[in-house]
Amino acid sequence: FFFFAGLYTAGVALILRASRTHRAVTLAIALLAVLASEIAASPKPAMFSYLFFIIYLITLERASYQTQRVVLPLVMVLWANMHGGFSLGFLLLGAYGFYPLAENLIRNGLIDKTRPLISPEVRHHTARFIVLAGLVLLAALINPYGLDNLIYLATSTSVQSGAMNSLIVEWLPPDFRTPGSQILLGVIAVSILLFYLAPRKHLLGMLLSLLFLSLTLIHIRMVMFWAPVVQFFLGQTLFGEPPEPTAEKRWVKTFFAAAAALIVILPALVMTDQTIQERVNGQYPASAVQLLDETGQPGNVFSLYHWGGYVQLAAPEHPVFIDGRADLFGDEVIFDRYLRVLKHEPGWEAVLIESNTRYLLLEPDQSLTAQLAVSSCVPIYRDEISVLFDLNDCQVGKAVNR
């Protein structure tokens, strides 16, 4: 936990360091970014992508081509070996490489037709970035799987747009009925207002902010990359000229330092063992899994996708059909079979038989739960969170025994 928290803190600190505005204002923007990304920030490998993404963003915006040519490939070697989000590095590289070309084509092709369509400076810039992109691509191939790593990323993304897209909570759009998403909605509104009021405009920064905002509204996990983009470019544009540190009033700095400390300390005060357990009991089938673990009766479990990891942790003697992780099952077949059972489509009983499933752990309002009740399959446990069936007592279980 502390390691991944360190990665997150390092990313925020890098942007704070790179911002050119009042320190108090920079901190206020950082707090907004932290509030927005809290909904997706957690101890997971994606935090490597969060940090490397910020390094790419700052390097492309601030560093010379000579520095970029060294830093970006070196970072990509690490990134491509740690998380599949390294594709975002190519997205940023493409944006910074081809934005001047697009701007030049629009301005000289539509507005000022007296100038060459592509100026020599832009042509030179584009050529250098093509070379840089080639170096970064070669760096991405330095991994145990070589080109297969990139192919796997492309194929797993296609899976995520299909069956996995309906299963992984992070790949769903934000649910603005929840408190975390409502906070995100508020931060989105504030950031749009600040971009509008900013005396300086950074058109590429605004376009990148809109791009990652669009991705966030499609996949909630992308807020981890929208937030630093907004934090970085608002820090660049909120003042016409970078202010002198002495221009800041002491009470302003004290106020925002206290606010930052409160945001860091408050979760530690609120998240006690009791509140964590209450949250677990409200989101996971804790009582049903406890009963399953205490009975001592062996058997595979078909549980919901987002419960799989919890069942594995709380009842390790009962293997699960699917465990909630992404991109680890090889292909789309497992997910299609999972959905076939969940929607009790033709052949769903055969899937349970082939996987030697004994227990079904479902939500009370699911259609499969009602289907089993109609077939006189009596649950061995039920509460407001979950329903547990022993298929040895049902027709499906008898088929398994045969």
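**Notebook: aromatic pairs, disulfide, cavity, sheet**

I began at Tyr56, which is buried, with a relative accessible area of 0%. For burial I use relative accessible area with a 1.4 Å probe and protein chains only: buried is under 20%, exposed is over 50%, and partly exposed lies in between. The model is predicted, so I keep to its rules: local features need pLDDT of at least 70, side-chain atom pairs count only at pLDDT 80 or more, and totals for chains, interfaces and linings use all residues. Residues are numbered from 1 along each chain as its sequence is written, and side-chain values use heavy atoms, with hydrogens and water left out.

**Aromatic pairs**

Which ring pairs with Tyr56? I found Trp79: the ring centres are 5.4 Å apart and the planes stand at 75°, so the pair is edge-to-face. My rule takes rings of Phe, Tyr and Trp (its six-membered ring) with centres within 6.5 Å; planes under 30 degrees apart are stacked, over 60 edge-to-face, and the rest tilted. Tyr56 sits in helix 3 (residues 46–62) and Trp79 in helix 4 (residues 65–80), 23 residues apart. I take helices (H or I, at least four residues) and strands (E, at least two) as DSSP runs, numbered from the N terminus. Trp79 is buried, also with a relative accessible area of 0%.

Next I looked at Tyr284 and Tyr310. This pair is stacked, with 5.1 Å centre to centre and 20° between the planes. Tyr284 lies in the loop between helix 12 (273–283) and helix 13 (286–295), and Tyr310 lies in helix 14 (residues 308–314), so the pair ties together parts 26 residues apart in sequence. Tyr284 counts as partly exposed at 27% relative accessibility. Tyr310 counts as buried at 18%.

I count eleven aromatic pairs. I also noted one aromatic cluster, formed by Phe302, Tyr305, Phe321 and Tyr338.

**Disulfide**

I searched for cysteine sulfur atoms within 2.5 Å of each other, the cut-off for a disulfide. The count is one. Cys377 is joined to Cys394, S to S 1.6 Å. The torsion about their S-S bond is about 55°, so the disulfide is right-handed. Cys377 is in the loop between helix 17 (367–374) and strand 3 (381–382), while Cys394 is in the loop between strand 4 (387–390) and helix 18 (395–401); the two are 17 residues apart. Both cysteines, Cys377 and Cys394, are buried.

I traced four strands in an open sheet, order 1-2-4-3, with mixed pairing. Strands pair if DSSP finds at least two bridges between them. Strand 1 (300–303) and strand 3 are the edges, each pairing on one side only. Strand 3 meets strand 4 in the antiparallel sense over two bridges. Which residue of strand 4 is the bridge partner of Tyr381? I read off Leu388.

**Cavity**

I used a 1 Å grid over the protein atoms alone; a cavity is a set of points where a 1.4 Å probe fits but cannot get out, and lining residues have an atom within 4 Å of a point. I found one cavity of 30 Å³ or more. The largest cavity has a volume of about 60 Å³, taken as the space filled by probe spheres set on points joined across faces, edges and corners. Its lining includes Ile29, Val187 and Trp226. Helix 2 (23–37), helix 8 (179–197) and helix 10 (223–237) each give two or more residues to the lining. Helix 10 gives the most, with five residues.

Key. 1 Å grid on protein atoms, 1.4 Å probe; cavity = no way out; pocket = protein on both sides within 12 Å on 5 of 7 lines; lining within 4 Å.
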